[in-house]
Amino acid sequence: MSRIVRVHEHGGPEVLRIEEVEAGRPGPGEVRIRVEAIGLNRSEAMFRLGAYPVKPKLPTLMGYEAAGIIELLGDGVQGYAVGDRVCVLPTFRLGEYGVYADQAIVPARSILAAPPGLTPSEAASIWMQYLTALAIIEITHASVGDYVIIRAASSSVGLAAIQLANWAGAVPIAATRRSTKTAALKSLGAKHVIATEESDLVAEVTRITNGKGARIVFDPVGGPYVDTLAQAMAEEGTLFIYGGLSGQPTVFPHWPAALKGLSIRGWVASSIWNNAERFPRARSLILRGLAEGHLKPVIARAFALKDIVEAHRYLESNQQLGKVVVTP
């Protein structure tokens, strides 16, 4: 028997239910892994609430990023063997499979060998955050002399964007709501930190950039504040919106965009893993960054699977610096 987490109704963290079921055997093109660590994502909290663009078909499995050891191979699976330590990439739809479990069946197309030298928690924390943050490299080619505003900078993706910006020679400007995280964000690579509820972001960015503005903005929050972000940007800059954490309608910053020639564009990590040219390049870059020390996943806190409800509460508390993980 294996413990799995399922959701039978939309709601808060308390709707996460641990159940005991037969682990089952993998079907063709699938593998079964013994889960060692699970990386939590805010999209999963939205999915649980019924607020994600893909609606759950209840009851639903949960989770799509993990690290573990292969226990069984389904028919047709090649290139892997029982005993291999692998990462599960979130390349399937939420609820289609689920890794909130002791043992999980996942498609073989969604696994990669775990990079050497990483703990299971670290291995469960790399792909979603770096493939998402890689927009600043893959699309806007962040480079020396660029300023990059990173909103929700203390999230795992925010910290990944800080690391990638530094590796590229750009200047990461961390935007966080309050100054309580300033010292921690600077210790984790932010060159500047702006507390958006305590400071005038436009004035601060103008000062930091000597009037130039930021060429790149990376924002998972959306909402009315997008107009403020646009005002802080450089001519012909790009503003990425990769989430909707505000829960409010996202305005189009008409006049800043018009007067500066800005590009406002959406972004999701699947823009890389669903692209046959981008993904191999991105995978190689991330693996090199990890091997050379440019990239290092930051674990905010680890919970046991039995405490999955508390783990989701913490995930939604905005207290964390880095990735929230769960270990069976």
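Predicted model: local features only at pLDDT ≥ 70, side-chain atom pairs only at ≥ 80, totals over all residues.
Residues are numbered from 1 along each chain as its sequence is written, and side-chain values use heavy atoms, with hydrogens and water left out.

**Aromatic rings**

Let's start with the rings. The structure holds seven aromatic pairs; rings of Phe, Tyr and Trp (its six-membered ring) pair if their centres lie within 6.5 Å, and planes under 30 degrees apart count as stacked, over 60 as edge-to-face and the rest as tilted. Two of the pairs look like this:

| Pair | Centre to centre | Angle between planes | Type |
|---|---|---|---|
| Y64 and F92 | 6.3 Å | 70° | edge-to-face |
| F240 and W267 | 6.2 Å | 75° | edge-to-face |

Y64 sits in the loop between β4 (60-61) and β5 (66-73), and F92 in the loop between β6 (85-88) and β7 (103-107), so this pair ties together parts that are 28 residues apart in sequence. (Helices, H or I with at least four residues, and strands, E with at least two, are DSSP runs numbered from the N terminus.) Y64 is buried at 5% relative accessible area, and F92 is buried at 4%; buried means under 20%, exposed over 50%, and partly exposed in between, with a 1.4 Å probe and protein chains only.

As for the other pair, F240 belongs to strand β13 (residues 233-241) and W267 to the loop between β14 (263-266) and α10 (270-273), so parts 27 residues apart in sequence are tied together. Both F240 and W267 are buried.

Which residues does a cis peptide bond join? They are L58 and P59, with omega at about -5°. P59 is in the loop between α1 (42-49) and β4.

A152 has a positive phi, near 55°, in a residue other than glycine. You'll find A152 in the loop between β9 (147-151) and α5 (156-168), partly exposed with a relative accessible area of 23%.

N210 lies in the loop between α7 (201-208) and β12 (214-219) and is exposed, at 71% relative accessibility.
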